[in-house]
Amino acid sequence: MGMMTWREMWAIVTGDNPDFLHFHPVLAAISIYLLIMMLCYTLYQLSRLLPSTLRSYAFDFFTTLAVCSYPFGHAVMRQAYGGAGYMFGMVPLVVINIQLFSRGNGSPLGYWMDFLQGTTSLWTMLTHIPVQILAGIAAFSLGRYIYMLEFHDSFAPALFDERCYTDLKTTLATGFLVETLGVTWDSWLGEQTLSKVKFIDMLLKVINCSILVNLGVGFTGMYMHPAMASGLSFGCDGTERWEHLMVYWAGPFLGCFLALQLNKIVRIPDLSGFKGQPARLSSPLENGSGKQNGIHKQNGLGKHNVYNGRMAKATAENSKKQVRRGKKRWY
């Protein structure tokens, strides 16, 4: 017995058949977003009951699962209203998602960036990324189950077509370049401070990401998210597996590296402080200098004893965690 459609569920609950077959595109997309968000957030919160050694993996899994499943709703908005519709759905959704899943890392590129910046160990990165890949694969199944509810008239044809087709609509070299440059720009901008108001700073960066996706979607699908790309399109007709890895894994990973190198050369002036000084200097990552300003001068004499050293280390670790939370990866 297959999964019931929303109409069958409605008939069971109310005793009457609905007067229409499908939802309006906006309502269909919102329904998909809400179902994914509520499911993933509930499981995300339940993950707090797990042992501490497993908790971070569960947080990452359900955060990544949500991020990689939202494209099933984005597809409805894009089909009905084009790029503007995609942005209308994606931007507020991502802003809310960042607030809800504050302790999870939703992309392998987040760990790769942290590793390159020295805030995450190689072991942590190598053990968490496979969990994110599994979440990307699970997102494909979750999306198909949601399609079975038939909120929109495009869902049934998608379910009947058992084959999947590549999103790489250009040459391998062009696709590699598009994903690499997209991640380079997005990651570089993520290291900048665009506004002294944290919410506006985040909003501008999310809008930037949505624009990048619109610009590149016709070339590669513009995933800028390796786990999402592999979960939704790995092995699809039209692209060899090694080509997929080159475009959607090697390209974005190279893009993160290039972004950090570019950040050493070009930076947007930080307008959040006074007289050209950054608003917060408690972490070596906040001003992009790679140096820890003032942390060893807590007693004003440029010296610190063992107690001060421990306090400085604890302060630095807490600050790094705050910075990582403030620079969530949303793509």
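**Contacts in a helical chain**

Colleague: Which residue does K205 form a salt bridge with, and how far apart are the closest N and O atoms?

Modeller: K205 forms a salt bridge with D201, and the closest N and O atoms are 2.9 Å apart; the term stands for a side-chain nitrogen of Lys or Arg within 4 Å of a carboxyl oxygen of Asp or Glu. Please keep in mind that this is a predicted model, in which local features need pLDDT of at least 70 and side-chain atom pairs count only at pLDDT 80 or more, whereas totals for chains, interfaces and linings use all residues. Residues are numbered from 1 along each chain as its sequence is written, and side-chain values use heavy atoms, with hydrogens and water left out.

Colleague: Where do K205 and D201 sit, and how are they separated?

Modeller: They lie in helix α9 (residues 198–220), and since they are four residues apart there, about one helical turn separates K205 from D201. Helices here are DSSP runs of H or I with at least four residues, strands are runs of E with at least two, and both are numbered from the N terminus.

Colleague: Are K205 and D201 buried or exposed?

Modeller: K205 counts as buried because its relative accessibility is 5%, and D201 is buried as well, with a relative accessible area of 12%. Buried means under 20% relative accessible area, exposed means over 50%, and partly exposed is in between, using a 1.4 Å probe and protein chains only.

Colleague: How many salt bridges are there in the whole structure?

Modeller: A search of the whole structure finds two. Besides K205 with D201, E150 forms a salt bridge with R7, where the closest N and O atoms are 2.6 Å apart. That pair links distant parts of the chain, as E150 is in the loop between α6 and α7 while R7 is in helix α1 (residues 6–14), 143 residues away. R7 is buried, its relative accessible area being 18%.

Colleague: Changing topic, which cysteines form a disulfide?

Modeller: C164 and C236 do, with their sulfur atoms 2.1 Å apart, and the count comes to one disulfide under the rule that two cysteine sulfur atoms must be within 2.5 Å. The angle about the S-S bond is -110°, and the link is left-handed.

Colleague: What does that link tie together?

Modeller: C164 lies in the loop between α7 (155–160) and α8 (172–190), and C236 lies in the loop between α10 (226–233) and α11 (241–265), so the pair ties together parts that are 72 residues apart in sequence. C164 counts as partly exposed at 28% relative accessibility, whereas C236 counts as buried at 4%.

Colleague: What about aromatics, how many pairs does a search find?

Modeller: The search of the whole structure finds 18 aromatic pairs. Rings of Phe, Tyr and Trp (its six-membered ring) pair if their centres lie within 6.5 Å, and planes under 30 degrees apart count as stacked, over 60 as edge-to-face and the rest as tilted. Among them are Y44 and F101, whose ring centres are 5.1 Å apart with planes at 70°, so the pair is edge-to-face. Y44 lies in helix α2 (residues 25–46) and F101 in the loop between α4 (71–100) and α5 (108–116), so parts that are 57 residues apart in sequence are tied together. Both residues of the pair, Y44 and F101, are buried.

Colleague: Which residues do ring pairs link into a cluster?

Modeller: The cluster linked by ring pairs holds W6, W10, F20, F23 and F151.

Colleague: One more residue: where is Q132 found, and which residues is it in contact with?

Modeller: Q132 is found in helix α6 (residues 122–147) and counts as buried, at 0% relative accessibility. Leaving aside neighbours within four places in sequence, Q132 is in contact (heavy atoms within 4.5 Å) with D60, T64, N105, G106, S107, P108, Y111 and A227. A polar atom of the Q132 side chain lies 2.9 Å from the backbone oxygen of N105.

Colleague: And overall, what does the secondary structure come to?

Modeller: The chain comes to 12 helices and zero strands, and 45% of its 331 residues count as buried. Among contacts between residues at least 6 apart in sequence, 74% join residues at least 24 apart.

Methods
A polar contact is a pair of N or O atoms within 3.5 Å; within protein, one must be able to donate a hydrogen and the other to accept it, and residues adjacent in sequence count only if both atoms are side-chain atoms.
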